[in-house]
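Hello,

Here is the structure you asked for. My notes follow below it.

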Amino acid sequence: MNKTPLNQIHRQLGARMVDFGGWDMPVQYSGVIAEHMAVRTTAGLFDVSHMGEIEVSGSQAFDFLQYVTTNDLSCLNDGQVQYTALCYETGGVVDDLTLYRFTADRYLLCVNASNSDKDFAWLEDLLKKTAFSDLTLTNRSAEYAQLALQGPVAANILAKLTSTDLSAIKFYRFVEGQVAGIDTIISRTGYTGEDGFELYCPAEDGVKLWEELMRVGQSLGLKPIGLGARDTLRLEKAYALYGHEITADIMPIEARLGWITKLKKGNFVGRDAMLKAKEAGLPRKLIALTLTTSGVPREGYPVFCNGREVGYVTSGTMSPILKKGIALALVETAIADSDQPLEIGIRKRQMPAERTTLPFVK
Amino acid sequence: MRYLPHTDVDVQQMLDQIEVSNIEELFSGVPADCRLKRPLDLGAAKSESETLTFLRGLAEQNTKTSDWDSFLGGGAYNHFIPAVIDQLVSRSEFYTAYTPYQPEISQGTLQAVFEFQTLICQLTGMDVANASMYDGASACAEAVLLTIRAGKKRHKILLSQGLPPQYRETIATYSAHLNIDLIDIPLQAGVTDQVELQKLLSDQVAAVVIGYPNYFGQIENLGSIAELTHASGARLVAAVSEPLALALYKSPGELGADIVVGEGQSFGIPLSYGGPGIGFFAVRKEDMRVLPGRLVGETMDKDGKRGFVLTLATREQHIRREKATSNICSNQGMCVLMVAIYLALHGKQGLRQLAEVNYAKAAYAKEKIRQLDGFSVAFSGETFNEFVILCSEPVAALKQRLEQQGVLAGISLGRDYPDLKNGLLICVTEQNSQEQIDRLVAALAGGEA
Amino acid sequence: MNFPEELKYTEDHEWVLVEDAVVTIGISDFAQDQLGDIVFVELPEVGDTLEEGKTFGVVESVKAVSDVYAPVSGEVVEINEELPDAPEAVNNSPYEDGWMIKIKLSDPAQLDSLMNATVYQEFVEKD
Amino acid sequence: MMSTEGRGLVLDENLLFEKSQSGRVGYSIARLDVPAVTPDQSLIRDEITDFPELSEVDVVRHYTRLSTWNYGVDSGLYPLGSCTMKYNPKINETAARLPGFTDIHPQTPEALNQGALELMYNLQRDLGEISGFPAITLQPAAGAQGEFAGMLMIRAWHEANGQKRHKVIIPDTAHGTNPASSALCGYEVITVASDGILSKEAIAAVMDDDVAALMVTNPNTLGLFEADIRGICDLVHERGGLVYSDGANLNAMMGISRPGDIGIDVMHFNLHKTFSTPHGGGGPGSGPVGVADKLIPFLPVPYVVKEDDGFKLEYNCPQSIGRMKSFHGHFGILVRAYCYILSMGGEGLKRASELAVLNANYIRARLEGEYDLPNKQRSLHEVVFSEEGLQNDCHTLDVAKRLIDYGYHPPTIYFPLVVHGALMIEPTETESKQTLDEFCDVLLAIAEEAKTTPELLKQAPVRAKVKRLDETAAARRPKLRWERG
């Protein structure tokens, strides 16, 4: 199994480890709920070094990326980050990612751990098939350790270790600076819905960065956070997770990701399929549901309307904040747009669920 | 009638001995208002040749895996069956015998079952195996009941959504009225989501049930799941619907499973439209006395000669009645024999080699299909002889298109997995030649098969 | 068949040896004889609390199972660890090696309702 | 001819594992015609320790020799009470092995397996005609699972009517599976004593609004027809309960009386008893269940229906109790049973029941007097003697073991529990008068031996592969698998 540079630390901290898409990762330290609450109230530190990093550089890097991703690169300046996606010709999603622009001809793609090899192969494939010449793809996944520092007091903690003016880094922007004397990409991004940073540093410095952050963060309530809370946190904010809301079988425009799908920017992989689908009218749409009775909706459970199956749950959990079962579900557009009552099929019973505006936790 | 030996003379002599004047009198205990006052409407008896002709007529209307290119799996597998098996199980000393209650004249059955129990233990990496259950699904349901019995006050069962749907449905039937709380563990990339699993585990969970390989042919990381499960004090049940995989991959026992159940049909039992198959059931020594089903044990006779008997019978319904570990009172005797003979023939080397052939053929098909436009392989993880593809063409139409060309392409997943409406489960075994696989790929691509 | 004088007996054929607050419990010679060859004995765990008249264990022969009932209420302070591996002790030595559990009495008064050897002997003989 | 003379060629045979020779093979696998690839090493297991390695000849001789230690219906009379060990016709085996039946995958589209579905549909129809039930499920894998399915339907019916009943009444003569199946449905079992047959009064005494069902076996395990059955069914129905009938003894009733006509609500069949499918040394069996109209919505899924465009598997039953096992039941066994029904026809089946009853009564008439008969009522397909009157401390077990020396399989012994040292004999219809005479002569001779030379009984059997086995040792120190010593 793959291990991140911080694997030993997790074990020393007594984390419970799981196989996460081939990576030996911490699922929890103290407990999912406690960790969840820490991130919402103070701060949490995540080891996300399993994420993949792919560098694209060269004079045609821009054109190539503009062609292979769904979002519009032209509205991106140096030092900015963009949430975007790679799609198949069918419009289905290869992966979702954050794209970092260093210069007009140097970019870094941060992709999902379990997809990084698939993504890299896919990009190489496209490169062969197309006319783009002057650019190089480099898989830098092994070179980086990545930590996510998230929560209301994240900035206060980070400030103790860097001279960089954090207030100058706005949301979805990044700078290259030093943290605890380590060269680090400081990115004001995250996957929790809280303020915070994602920090990229050389793999060999990962342990030191972690220890320094924990040292200065403890007094401010910083806790190590596992994948368990990472998932409940993102779901409360209704962030899509690959393999759930978006898959090879689901178009971003079906998954409320129209905002990263710029059909007007010109041709890109998957665009034709999406245009066609849009013309025909999208059959499915992602909606948010909250169970009005007890019970926990789970991925794959069917959604019913007047006894008829009209869709299924893509992600579901018990919200630690709301103390209710919450779910994202992909359902027939007509039903999604109507106000007809919906039920989620939990085993043989159908539990009433009401539509909720996103995100679940404001 | 050729099965009824009585001559009129016999009948008369017997009636005289009984001291009644006719057979009717023998039924005097049956009140008139309970009598059927007309003949049974079943038509007249058919001669042997008429019967066979009629049944052949029905048989010929069916689609034989031996004539078509079949890529159907999903819990029933098309493997080759050596001629030896039917020849031996056709010995009527085996198949016309009853459950071996009289050990002195049942040593053949008893030794064969004892050997079967041993073979299953070796294959699964467990300590004790019973004399078999009805099938994999019911064995899995019985395993769930065992963990509830043995789990003291624990009443929750976590079922991976990667368990075959028919297993999950059977478990639901068996546990309907026993205050058991069944909870699904979602999948991530085609395997049990361990993050979700960790969130669901608690001191109320009696067992975690995982398919190995799972319904999508994926090899689950049992070792890591076992650690999580045991950390919460629950039992790990591994359900194996394609046991040939156990000849290649680490055994569930080695990976920490507490109970291993599964379906043995792959080992020399014909598909027969899905039954009879055979369920196997293996546990650790600690659970020996809460095991359901029959057990054969070794002992000695008066002269100190080795012999075999049914043992630990006090677990069973004919003694414990409503307190029994199960209501089961049969095993799959004939199928036990088929499986044991199959395993004896293939042995240490053959079974491994056969598993490798299945793996290589499936890998070949998977790669070919991956390269087709309009198709993608659904999940990236390790698979044995089955895998899921996603089709841009509606699956129902696709399947019918291929049926026109004599290809049974696979099983649509839409009904059991709403999020895999475009999913097709494809199985490739040693029975599928390269030509067959290439035909499948060509047909999928839209060309002639 | 022998029924030691120093013991007290129940109608379910358990015997009780009273040593101040702690009592030792097993099944009588008559009971083991009725059951035949005993192949398995299931006992409670130390710390379990037993209620008079409620079953606390199981004794199995090849083709029969019978529950064993607590003659008195109390907490289990010791069990005969040997029995699971040597169930035959209950046949060969029902009153010594075949003892099953020791419990701390919660209500000594319950002892008064038990039979002495003579009464018990009459009881099994008219059975 | 009645004797314990003669020599059998009964030879010893080691276990597979003891015969194994490293490097020996008994298989052939087609050449790999695709590129060889293997999975990630970290997932792969080491070779299976001590797994056998044998040649084809080794395996064939091993099992052939094992078979010679077995006694089957084809070896001789097999009068096991309540097990109906009738002859297993060979055409059944031929039919079940037709490639059109063996080589069909359960997931094949229904339109492509119409023959199999038609066979199942016809069998459902014929079992319905024989039992008087409007609907049949073929799914249960065996009688015990049929019972379980039946009790689940009863519980589902009560719950659909908003009733939470907790108890099931079961007579003391019942098979152990009855209480076990009830317990699986969460029911508490109320045992009721029967004096040979059940009286309406006995049931009335325990029947209340908390009783979900009465489970009967008819004819019961003493071979007696429950004469009050109609009245008993009415009584139970009046109090809102249902009646389950164990079909184990249907072999006495074909064409005579139909459970569905006399107030029974649900019954399971044992195809391996009544319908001649082989017992296979313990299975596979098959336990279809017939139900009254009111229970149809609760049948397990799937079952076969006939529509304009052919036969289909019906899954869409919202109130169904669900699925009992994978796929569609023990199809291979269904083929054999249907083949039997075709061969017998309606008249043949009735004749089978008549002769089964004649045979049992003939044995009764020949042995009564020498063997104690506790219940004197007119019995049907089986007869139960007790061990009363056996001389010199000989017991039922000794008689059974001595029968083995004479070349017969013993009857069912020590069941039903209500008869002291029960000897339960069910000859079935496929045994001739001559066979029964020899058997009776032997039993009479054994009773005589008990008087004169009891040691012959005590030592028996002396001519089988092994002598009496130490079951106590087997249970005290269980050895349930071979291990390298």
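In chain D, the axes of helix 11 (residues 331–367) and helix 13 (residues 433–452) come within 10 Å and cross at roughly 30°. Axes here are lines fitted to C-alpha atoms, for helices over the stretch in contact, and angles run from 0 to 180 degrees between N-to-C directions. The crossing of these two helices of chain D is right-handed. That word applies if the near helix is turned clockwise from the far one by less than a right angle; anticlockwise is left-handed. Helices (H or I, at least four residues) and strands (E, at least two) are DSSP runs, numbered from the N terminus.

Helix 11 of chain D brings D:Asn359, D:Tyr362, D:Ile363, D:Arg366 and D:Leu367 to the contact, and helix 13 of chain D brings D:Leu436, D:Cys440 and D:Leu443. By class, the residues of this contact are six nonpolar, one polar and one charged. Ala, Val, Leu, Ile, Met, Phe, Trp, Tyr, Cys and Pro count as nonpolar; Asp, Glu, Lys and Arg count as charged; the others, Gly among them, are polar. Contact means that the C-beta atoms of two residues, placed from the backbone, lie within 7 Å.

Before you go further: this is a predicted model, where local features need pLDDT of at least 70, side-chain atom pairs count only at pLDDT 80 or more, and totals for chains, interfaces and linings use all residues. Residues are numbered from 1 along each chain as its sequence is written, while chains are lettered from A and ligands numbered from 1 in the order in which they are written.

Now the chain pairs. Four pairs of chains are in contact, and chains B and D share the most contacts. There, 172 residues of chain D meet 160 residues of chain B. Helix 11 of chain D gives the largest share of chain D's side, 24 residues. That side of chain D has 91 nonpolar, 47 polar and 34 charged residues.

Between chains C and B, four residues of chain C touch four residues of chain B. Chain C's side has two nonpolar, no polar and two charged residues. Chain A has no contact with chain C; their closest C-alpha atoms lie 31 Å apart. Chain A has no contact with chain D either, with closest C-alpha atoms 9 Å apart.

Chain A is divided into domain 1 (7–50 + 143–236) and domain 2 (283–362). The bounds come from an automatic or database domain assignment. The domain centres, taken over C-alpha atoms, are 31 Å apart. Eight residues of domain 1 and nine residues of domain 2 make the contact. On the domain 1 side, helix 2 of chain A supplies the largest share, four residues.

Chain B has an open sheet of seven strands, in the order 2-10-9-8-7-3-4, with mixed pairing. Strands pair if DSSP finds at least two bridges between them. The edge strands of this sheet are strand 2 (128–129) and strand 4 (181–185). Strand 2 of chain B pairs with strand 10 (residues 279–283) of chain B in the antiparallel sense, over two bridges. B:Ala129 has B:Ala282 as its bridge partner in strand 10.

One residue to look at is D:Asp58, in helix 2 (residues 56–67) of chain D. D:Asp58 counts as buried because 20 other C-beta atoms lie within 10 Å. The cut-offs are 20 or more for buried, 12 or fewer for exposed, and partly exposed in between, with C-beta atoms placed from the backbone. Leaving aside neighbours within four places in sequence, D:Asp58 is in contact with D:Lys19 and D:Gly26.

Best wishes
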